[in-house]
Amino acid sequence: MSYAKLILALPVVGLLAACENTGASYEPVIDGAVGPNYYADLSACQNLAASQGALDSNAGGKAAAGAGVAAATTAVFNNKGNNVRDAAAVGALAGLTASAIDQNTKKENIVKSCMRQRGYRVVG
């Protein structure tokens, strides 16, 4: 693996490592005391969020757009060897990463909404 590819992969690895309290695993901040059913309610809400897919329905389009923009830009400015192919792959990865981040945000919102509907005062 070339150094350029390794450098481009590092932000993706960092994003994945930072996802501990995100998506379906999100635990919202609650204003006030929580009752004895809090962890059961939280688990039910997190399971509901986890039932959503890892990528949203626009993942293919975002991957294609990222690949197209990156390949076209590389073809115009630096068309040497496999640069266009590599740029398309990196662009597609960027599109898929954006889709995964969007889906994580949606899952957090599901957890927040579910907890609110169960009577908790969710901050944020």
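Biologist: How do I read contact range here, and what share of the contacts between residues at least 6 apart in sequence join residues at least 24 apart?

Modeller: Start with the term: a contact means heavy atoms within 4.5 Å. In this chain, 74% of the contacts between residues at least 6 apart in sequence join residues at least 24 apart. Keep in mind that this is a predicted model, where local features need pLDDT of at least 70 and side-chain atom pairs count only at pLDDT 80 or more, while totals for chains, interfaces and linings use all residues. Numbering starts from 1 along each chain as its sequence is written, and side-chain values use heavy atoms, with hydrogens and water left out.

Biologist: Which elements should I look for, and in what order do they run from the N terminus?

Modeller: Helices (H or I, at least four residues) and strands (E, at least two) are DSSP runs, numbered from the N terminus. This chain has four helices and two strands, running α-β-α-α-α-β.

Biologist: And burial: what percentage of the 124 residues count as buried?

Modeller: Buried means under 20% relative accessible area, exposed over 50%, partly exposed in between (1.4 Å probe, protein chains only). By that cut-off, 26% of the 124 residues are buried.

Biologist: Let's take a helix. Which residues of H2 are buried?

Modeller: Those would be Tyr38, Asp41, Leu42, Cys45, Gln46 and Ala49. Looking down the H2 axis, the buried residues fall within an arc of 130° (taken from the directions from the helix axis to the C-beta atoms), so they line one face. Ala40 and Asn47, on the other side of H2, are exposed.

Biologist: How many residues are in the largest nonpolar core?

Modeller: The general idea is that in soluble globular proteins, nonpolar side chains tend to be buried together. A nonpolar core is a set of buried Ala, Val, Leu, Ile, Met, Phe, Trp, Tyr and Cys residues joined through side-chain atoms within 4.5 Å. Here the largest one has twelve residues, including Ala24, Tyr26, Leu42, Val111 and Met115. H2 and H4 are the elements that give two or more residues to this core, and H2 supplies the largest share, with four.

Biologist: Cysteines next. What does a disulfide join in this chain?

Modeller: The rule is a pair of cysteine sulfur atoms within 2.5 Å, and it gives one disulfide here. That disulfide joins cysteine 45 to cysteine 114, S to S 2.1 Å. Cysteine 45 sits in helix H2 (residues 38-50) and cysteine 114 in helix H4 (residues 83-117), so the bond ties together parts 69 residues apart in sequence. The torsion about the S-S bond is about -75°, so this disulfide is left-handed. Cysteine 45 is buried at a relative accessible area of 0%, and cysteine 114 counts as buried too, at 9%.

Biologist: Now a loop residue: where is alanine 24?

Modeller: Alanine 24 lies in the loop between helix H1 (3-17) and strand E1 (29-30). With 16% relative accessibility, alanine 24 counts as buried. Setting aside neighbours within four places in sequence, alanine 24 contacts Gln46, Ala49, Ala50, Lys107 and Val111. Alanine 24 is also 6.2 Å from glutamate 108, C-alpha to C-alpha, though the two are 84 residues apart in sequence.

Biologist: From the other end, what does glutamine 46 touch beyond its neighbours within four places in sequence?

Modeller: Glutamine 46 contacts Ala24, Ser25, Tyr26, Glu27 and Val111. Glutamine 46 belongs to helix H2 and is buried, at 19%. Between glutamine 46 and alanine 24, the C-alpha to C-alpha distance is 5.0 Å, with 22 residues separating them in sequence.
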